[in-house]
Amino acid sequence: MLSIKDLQVSVEGKTILNGLNLEVKAGEIHAIMGPNGSGKSTLAHVLSGKDGYDVDGGSATYKGMDLLDLAPEVRAREGMFLAFQYPIEIPGVNNTSFLKKALNEIRKHRGEDELDAIDFLALIKKQMELVEMKEDLLKRPVNQGFSGGEKKRNEILQMAVLNPELAILDETDSGLDIDALRIVAGGVNKLRSKDNAFVVITHYQRLLDYIIPDHVHVLSEGKIIKSGGKELAFELEERGYDWLLEHA
Amino acid sequence: MKAEKENPKQLTEEQENLQKIADKEYKYGFVTDIEMEEFPQGLNDDIIRMISAKKDEPDFMTEWRLKALHHWRKQKEPRWTKLKYPDVPFDDLYYYAAPKKKDAPKSLDEVDPELLATFEKLGVPLEERELLAGVAVDAVIDSVSVATTFKDKLSELGIIFCPISEAIHDHPDLIKKYLGTVVPYTDNFYATLNSAVFSDGSFVYIPPGVRCPMELSSYFRINASKTGQFERTLIIADKGSYVSYLEGCTAPMRDENQLHAAVVELVALEGAEIKYSTVQNWYAGSKEGLGGIYNFVTKRGLCAGKDSKISWTQVETGSAITWKYPSCILKGENSVGEFYSVALTNNYQQADTGTKMIHLGKNSRSLIVSKGISAGKSSNAYRGLVKVSKNAENSRNFSQCDSLLIGDQCGAHTYPYMEIENPSAHIEHEATTSKVSEDQIFYLNQRGISSEDAVGMIVSGYAKEVFQQLPMEFAVEAQALMSVSLEGSVG
Amino acid sequence: MADIYPDIKTWLQEKSIDTHASDYVLSPERRTESLRAVAENNFPTRKDEEWRYTPIANVVNRSIQSGTDLSIDADDLQEIKQIVPEACHVVFVDGQYSAELSDDLAAVAKQGVDISPLSEMNASQGQLAEAMVTNANFSDTNIFQYMTLGLVNSGLFIHVEQNTEVEQPLHIIYVNGPTKSAVVQTPVNFIRLGTNSRFTCIQHFVNSDESKAITIPADFFDLAEGSGIQSYRIGVESDQTDHISNSYARIADSARFVSHQYLLGSRLTRSNTEVLFDGEGAEAVLRGIYLGDNDQHLDIRTYVDHAKPNCMSDQHFRGILGGKARGVFNGLVMVQKDAQHTNAEQSNKNLLLSREARVDTKPQLEIYADDVKCGHGATVGELDEDALFYLQSRGIGREEAAQMLIHAFAAEVTQDITIGSLQPYILEKLDKKLSEISGP
């Protein structure tokens, strides 16, 4: 589904990703772990098409397409979803109408009929139970006045509604208490299927207690320096990143 | 200058304490008894020629001065600010006053001991041991540069730091090239007057790629009565160079008002940086609002080259009236302008100060941090302009203008102007107003801190962001100055 | 038949106390005095600080015609009335009250409102109006005020009785027919609210594409203790209309003045709103949007005078400018010496949508009391890149994401609209104009 080969990315002349390789297949969950500054968020941003990153080399292919060539909205319509580490507040734009718009753009792209207000509301109500979100948050502007936990749940709600093929979770666990973490992880687990894939970016192992990855990769200085099964995460938790960095 | 009588108001004890702190006497208010040489009062072509001749200036300077005078004659005194003051008797002023001397002093030993004593009282580090502290000083008394220390050491690096009168002699090419290019003689009433009559000031030239190894400093003092002080400063930082310049000002106590109309021009070429810091505590007048300096100053910097930077920092505690807007013309691409200001007014002081950031170059950035503190019956205004011209793509400005009020007899005003002609600009202005609350003082009292110290602490905390921009020695002095100026303001 | 004058000054020369008005509207002294001031004063120029960013030479030099046939398309009018179907509609054509096109004012009177066109005012109403002008404090006296006070040839006198809550909004519609030269209209409204009364009033300035007008209205509001008004001003005039308005509100103890302005039309608009707190515990809420395109020039001035303690003012104005349009915000909050516990907020945000658009903003504070909470902020900028990316990352195209953000920027202000049917109308107008706006 996603194939990254020797990806090299810099910001204002400073190299951040330096030859990154990653293969993600449908039905898999990949965890990418790494210390601060290792390039985790850059990877999420580059894959979703944020401005300000220069791709100096390598490639990223998504469903056979040159991913890096697509506009951010086209990537989204093709089924790619980024759960933001810091979800953006958008004053004045209503949460529900924003999500309805997004869903219908994606459906249109897939050649499906747009959902009318009634069907959409039914869908969103169902998915809200998944993330145990209060209904009044739907009436508010996007993320505005939301607590940290509410923002993250709103991201998962959007994911549930848009039903992506590939979801990238960028430090979705940061700033969450244990209950919120369980809810967010629960949402992901209910959504996972043999047809979709997840890339979970995290600094800590604790999220992986709830979302069991098939593969764990350690990112350091813009490269994956070690890959393994879920047991790698436990080992990292126990021995810290230094252990690996010394061996690298 | 005397404001209207206010109805005496019942002050709470806390307020009285505050007022007491603000009312401490001006400690620099002594008069040095040295022989002065003054030209006749008034202003005409002859006086200008006399000033020019006295300084043995080249013809181009005399001509320039005369042009300025003729232009000035056609000008009207500006009255558009919030300031209230009687007319300045321009024809009764002395436009030139210098300490009388036989010959120019060759070393500190030859300088009039009375003068040295004055500087000592002021705490100007003119003595050798203080030179080791690394501050090069150009001291200006009334309008004449008395001594410039550390000159030799600087000249090894090709740095020119001397009285501007000397520079006119020795470096006429630089003067011709840069004088009046940032503040033309037609700029405004006071700048025009200054161009006609300026008698001295400092000149700095930093050659390409040189980082000036020490803080350069001038110290201005108005001594003679009824004189106007018209100094003129010109600083040029050539490509890739850096200089930090400090300016301090004091004046003796006098009943009548003295005029100070200086001009400061800064030019930063490609990649150069100039940091200009001012601590101004000219005599502010008596508690009743008598006397004090009128400080009408034009300060402007030109970021001429790419990646250049000019940073103004000012701590203004003195003068009866302050009217100054140190500004930056951000002409170079990626150039940066900064303005950090603390303006404290007490008693009947009036300050109208701020900055202008003129964005002409692409990606130019500016930052404005202004902290006004008003006490007593004073009035304190921030007035600033942020202009983004059509071609200044991606310009950024952030302005934070805060006011702190001490007592309920003072005024604090904010007049920001934003003129934006480019859609890619991002401009943000914020302002808040707060007071030193009795609860805060009480809290500190309860921890064993006197009301005076409490106000000092609160005000220092409030102004910290600006003090941090000052070189260490100056920051300490500025803090001390704040407490002195605030004496008796706990009101 | 219409007489043509080369400019407004010439037109004014012939003016004496207007015969359209009742003898009782304002004292003869004030009217004579004001007309004299008109003759003696010049029009403001950019040298006047309050007009620094708004040149009016093009207004002053327009050719003027007097006398019109007061013709108006009844269908169009009906459509405008239907925007607020529940309201009582009062119609002014080319500045003149039209009893024929207006609803019966007696229906309003029955709800406890003393209401009368200026032409039918009686002596006691006249005295009240005169007092309102005397009590207003003018922070920017200029020739336009003098014109309205000297001519006083049309408008309404409204006095809501105490303890009366008037549920029916009053919808005042100013229309113009097509003309060759500009028509000058100077309506003045005197709106008084008795103790604890409530009132809602919409002033709607609308005309056809062929209309040429110089509209110079003035409003005087007087809010007695505990009263409250929602005042709307909607400007959707043709690009051959210039509009220079002045509003003065005096607010007594615990009264609440809420003003909404939606300025979308005209060639040049200058809207001045002055609020005087003349009592404690009072509130003033000022909201506004100015949306300009092509060569439009939209200037909002506010002057909020906290002369008494414990009052709250909250200003929020947003500008959106495309084409070669210019926007101006010139606001001042004055906190007088004894006005302790003042709470004043002033915010102005602007979006520039084209290379040739321009905005000048000047949010000002003048504070003479120490125990106050005052803040102001102003921003100018493009759309937030992060917000655009967020929307894009959810599948929404960039162009459309931008439209959503611009719409949201404007729509946020409309949330405070209290009349149900008015908000969709305003949003529709905003969206229509936004969709046509000329980009970079």
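What radius of gyration does chain A have, and what would a compact globule with 248 residues have? Chain A has 18 Å, which agrees with the value near 18 Å for such a globule. (The radius is taken over C-alpha atoms, and the globule rule is 2.2 Å times the number of residues to the power 0.38.)

Before you click around: this is a predicted model, where local features need pLDDT of at least 70, side-chain atom pairs count only at pLDDT 80 or more, and totals for chains, interfaces and linings use all residues. Residues are numbered from 1 along each chain as its sequence is written, while chains are lettered from A and ligands numbered from 1 in the order in which they are written.

**Stop 1: chain A**

Select chain A. Its C-alpha atoms fill a box of roughly 55 × 40 × 35 Å along the principal axes. Buried residues make up 42% of chain A's 248. (Buried means 20 or more other C-beta atoms within 10 Å of a residue's own, with C-beta atoms placed from the backbone.)

**Stop 2: the sheet in chain A**

Now pick out the open sheet of six strands, in the order β6-β9-β10-β3-β11-β12 of chain A, with mixed pairing. Two strands pair if DSSP finds at least two bridges between them. At the edges sit β6 (80–83) and β12 (223–228) of chain A, each pairing on one side only. Zoom in on β3 (29–33) and β11 (215–220) of chain A: they run parallel and share four bridges. There, Met33(A) has Val218(A) as its bridge partner.

Next, show helix α1 (40–48) of chain A, which lies across β3, β6, β9, β10 and β11 of chain A and runs at about 145° to β9(A). Helix α6 (148–162) of chain A packs on the sheet too, touching β6 and β9 of chain A, and its direction makes about 170° with that of β6(A). (Axes are lines fitted to C-alpha atoms, for helices over the stretch in contact, and angles run from 0 to 180 degrees between N-to-C directions.)

**Stop 3: where chains meet**

Move over to chain B, where 27 residues are in contact with 31 residues of chain C. Select β24 (411–420) of chain B, one of the elements giving two or more residues to this side. β24(B) gives the most, with ten residues. Six bridges join β24(B) to β22 (358–367) of chain C, and the two run antiparallel. Look for Ile420(B), which stands opposite Val359(C).

**Stop 4: the cores**

Finish with Ala268(B) and Ile251(C), the residues with the most contacts inside the largest nonpolar core, which has 247 residues. (Such a core is a set of buried Ala, Val, Leu, Ile, Met, Phe, Trp, Tyr and Cys residues joined through C-beta atoms within 7 Å.) Helix α11 (451–467) of chain B gives the most to this core, seven residues. A second, separate core of 75 residues includes Leu7(A), Ile90(A), Leu162(A) and Ile396(C).

Definitions and conventions
Buried ≥ 20, exposed ≤ 12 C-beta atoms within 10 Å, placed from the backbone. Contact = placed C-beta atoms within 7 Å.
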